[in-house]
Amino acid sequence: MTDSQQVAIVTGAARGIGAATAVRLAADGFAVAAVDLAEENCADTVAAISKAGGRAIAVGADVSDSAAVDAAVAHVAATLGAPAALVNNAGVLRDNLLFKMTDSDWDTVMSVHLRGAFLCSRAVQKYMVEQKYGRIVSLSSTSALGNRGQANYAAAKAGLQGFTKTLAIELGPFGITANAVAPGFIVTEMTAATAARVGVDFEAFQAARAAETPVRRVGTPADVAHAISFLASEGAGFVTGQVIYVAGGPRG
């Protein structure tokens, strides 16, 4: 690693969008800290980055745990260097219709998505303020606009948009940008689980979603990683407080 190599932290980096983003940012030249609930979960992500000639470490942390987040970010700073980019991607689903949704269903989704983004952003901002430079990208979703069976997830993803716009205002004077990416239907284990929940074959589920999407296909984790790559770049310094829908059409 050279002294000029920037460091990126990607949460929920074990699979799906998080893994694709970690690999993409490493290809962009970042040293990457791949964070997930357990360190071993990110072994494949780190191996893929290392095989391609990049530098990465796996870090285990519960993003909803304040002490764990602070310790993880301190470990990254000591091992790779002060973080210049953060991607708040960690997420879970606890889908159900409102009358079936439990307190735990609600609290778990809020804790991982909203509290997790808050804790991680708060932990990295002090390094970014000192450097007078930083990029924070949070994962929202087209579900922020409303989606049956996802009152918890929709509320969390809409909340991340307000959180992002506020960070942009507060942190802008320090050279730090904050943006959100809102994916539409992306082929991941999470969307496969959604198909299973509603009792639909996943291939048929994808075909139906592709048919109603203007570009006539479903998205891939790489599609989202491309957008995040831009927002995490130095060239995106005049783009902040924005929500970019990566959904194959206007706002899903």
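Because the model is predicted, local features are reported at pLDDT of at least 70 and side-chain atom pairs at pLDDT 80 or more, whereas totals for chains, interfaces and linings use all residues. Residues are numbered from 1 along each chain as its sequence is written, and side-chain values use heavy atoms, with hydrogens and water left out.

The protein contains eight helices and seven strands; helices (H or I, at least four residues) and strands (E, at least two) are DSSP runs numbered from the N terminus. Its C-alpha trace spans about 50 × 35 × 35 Å along the principal axes. The radius of gyration, taken over C-alpha atoms, is compared with a globule rule of 2.2 Å times the number of residues to the power 0.38. For 252 residues a compact globule would have a value near 18 Å, and the 17 Å of the protein agrees with this. Of the 252 residues, 50% are buried, where buried means under 20% relative accessible area, exposed over 50% and partly exposed in between (1.4 Å probe, protein chains only). The protein exposes about 11,300 Å², of which carbon and sulfur atoms supply 55%; accessible areas come from the Shrake-Rupley method with a 1.4 Å probe, and for residues only the protein chains shown count as cover. Among contacts (heavy atoms within 4.5 Å) between residues at least 6 apart in sequence, 72% join residues at least 24 apart.

Strand β5 (residues 134–139) is largely enclosed by the rest of the structure, because six of its six residues are buried. In a regular strand the side chains alternate between the two faces of the sheet. In β5, Gly134, Ile136 and Ser138 lie on one side and Arg135, Val137 and Leu139 on the other, and both faces are covered. Two strands are taken to pair if DSSP finds at least two bridges between them. Strand β4 (residues 83–88) runs parallel to β5 and is joined to it by four bridges, with Leu86 partnered by Ile136. Six bridges join β5 to strand β6 (residues 176–183), again in parallel; Gly134 stands opposite Ile176, and Val137 has Asn179 as its bridge partner.

Helix α4 (residues 103–131) forms a right-handed β-α-β unit with β4 and β5, and helix α5 (residues 151–171) forms a right-handed unit with β5 and β6. A crossover is right-handed if, with the strands pointing away from the viewer, the path from the first strand over the helix to the second runs clockwise.

Strand β6 is likewise largely enclosed, since eight of its eight residues are buried. Ile176, Ala178, Ala180 and Ala182 point one way, and Thr177, Asn179, Val181 and Pro183 the other way. Four bridges pair β6 in the parallel sense with strand β7 (residues 243–246), where Tyr245 is the partner of Ala182.

In helix α7 (residues 202–211), the buried residues are Phe205, Gln206 and Ala210. Seen down the helix axis they fall within an arc of 130 degrees, so they line one face of α7; the arc is that of the directions from the axis to the C-beta atoms. These buried residues pack against α6 (189–197).

Beyond residues up to four places away in sequence, Gln6 touches Gly29, Phe30, Ala31, Ala84, Tyr133 and Glu234. The C-alpha atoms of Gln6 and Gly29 are separated by 7.4 Å, although the two residues are 23 residues apart along the chain.
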